[in-house]
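Please look over the chain shown here before reading the notes that follow, which are grouped by topic.

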Amino acid sequence: MILFKKTDDLHRYLARKRNAYQKIGFVPTMGALHEGHLSLLEKSTRFNECTVCSIFVNPTQFNDPADFKKYPVTLEKDISLLEHQKTDILFLPGVDEIYHDGTTQQHHYDLGEIEHKLEGHYRPGHFQGVCQVMHRLLNIVQPDNLYMGRKDYQQCMVIKKLQALIDSQSVLHVCATQREADGLALSSRNLRLNEQARAAAPAIYQALLQIKRGLQTGPLAPLVSEAKKLLEQHGFRIDYVTVADSTTLDEVQEWDGRQSLTALIAAYIHEVRLIDNMGLASES
Ligand code: AMP
């Protein structure tokens, strides 16, 4: 694996790969790598001659500075996992390398309504920060294929929108959520869970499953309130539990038996904020 810290060096190296008709796959991450990240890398290495993984804890997407400060960093372990996964390139830029002109936002991305729903509502500015870094990374790497996780469902929708705005030619592949045996979605933030919080954390998955299993045509409010009750019994402080249209993320009050639905949850356990989602009915 080759490690690049400088944008220009990486850009030049990848231009040579492109000229040699090698396909470039890209997996952007914030590090503290786990099996979820590795599943994206596995797809990329299978379908592309050259796989680039970036590790960059992007300051502009954290609306809470404490969350940014506490974000786990496990670089040595990450490097050995990446080598094991046969990743070709690790891009490890410093903040100045990504934000030459400082982190103050220079460009506003017109993301439409999706920006202000759910995650956007609870984390103001978050998706603008995500777009700031992804715009820059996509310009640097110019991948043929981009791999992202369904775990961050709304983020995938935002990136699709960003791709249209910046006319990116990369194909976005949304990959399945990887879970622990007890259902907890893998997340770098899980490293911050103490024993008690870790034991409670799978309740998010159970709440999603409960919604999925209970789904029937008609009002959805009883399902949502049962899911909230389950989370509260396990000590969660809820940001949202919702059943939404899978393509717009508008909350759905009554199901007609046909609409494609996704259940989404964001909740705190012991000050660690976890998110997860599950396709219902026709979704998976
Ligand atoms: P992060 O490092 O959390 O920014 O995540 C980097 C990429 O990995 C994003 O596209 C995430 O959606 C994806 N990802 C995170 N957790 C999982 C998971 N449990 N399963 C699959 N993909 C994931």
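The briefing below goes from the whole chain to a few of its residues.

This is a predicted model, in which local features need pLDDT of at least 70 and side-chain atom pairs count only at pLDDT 80 or more, while totals for chains, interfaces and linings use all residues. Residues are numbered from 1 along each chain as its sequence is written, and side-chain values use heavy atoms, with hydrogens and water left out.

**Whole chain**

- The protein chain contains eleven helices and eleven strands, these being DSSP runs numbered from the N terminus (helices H or I, at least four residues; strands E, at least two).
- Its radius of gyration is 19 Å, which agrees with the value near 19 Å for a compact globule of 284 residues; the radius is taken over C-alpha atoms, and the globule rule is 2.2 Å times the number of residues to the power 0.38.
- Of the 284 residues, 54% are buried, where buried means under 20% relative accessible area, exposed over 50%, and partly exposed in between (1.4 Å probe, protein chains only).
- Among contacts (heavy atoms within 4.5 Å) with a separation of 6 or more, 72% link residues 24 or more positions apart.

- Strand S3 (residues 50-55) is largely enclosed by the rest of the structure, because six of its six residues are buried.
- Cys50, Val52 and Ser54 point one way from S3, whereas Thr51, Cys53 and Ile55 point the other way.
- Strand S2 (residues 24-29) runs parallel to S3 and is joined to it by six bridges, pairing being assigned if DSSP finds at least two bridges between two strands.
- Within this pairing, Ile24 has Cys50 of S3 as its bridge partner.

**Val141**

- Val141 belongs to helix H7 (residues 126-141) and, at 0% relative accessibility, counts as buried.
- Beyond its neighbours within four places in sequence, Val141 is in contact with Leu10, Leu14, Arg18, Ile24, Phe26 and Val52.
- Leu14 lies 127 residues from Val141 in sequence, yet their C-alpha atoms are 7.1 Å apart in space.

**Positive phi values**

- Most residues other than glycine have a negative phi.
- Tyr21, in the loop between helix H1 (7-19) and S2, has a positive phi near 60° and counts as exposed at 76% relative accessibility.
- Leu249, in the loop between strand S8 (237-245) and strand S9 (254-255), has a positive phi of about 65° but counts as buried at 4% relative accessibility.
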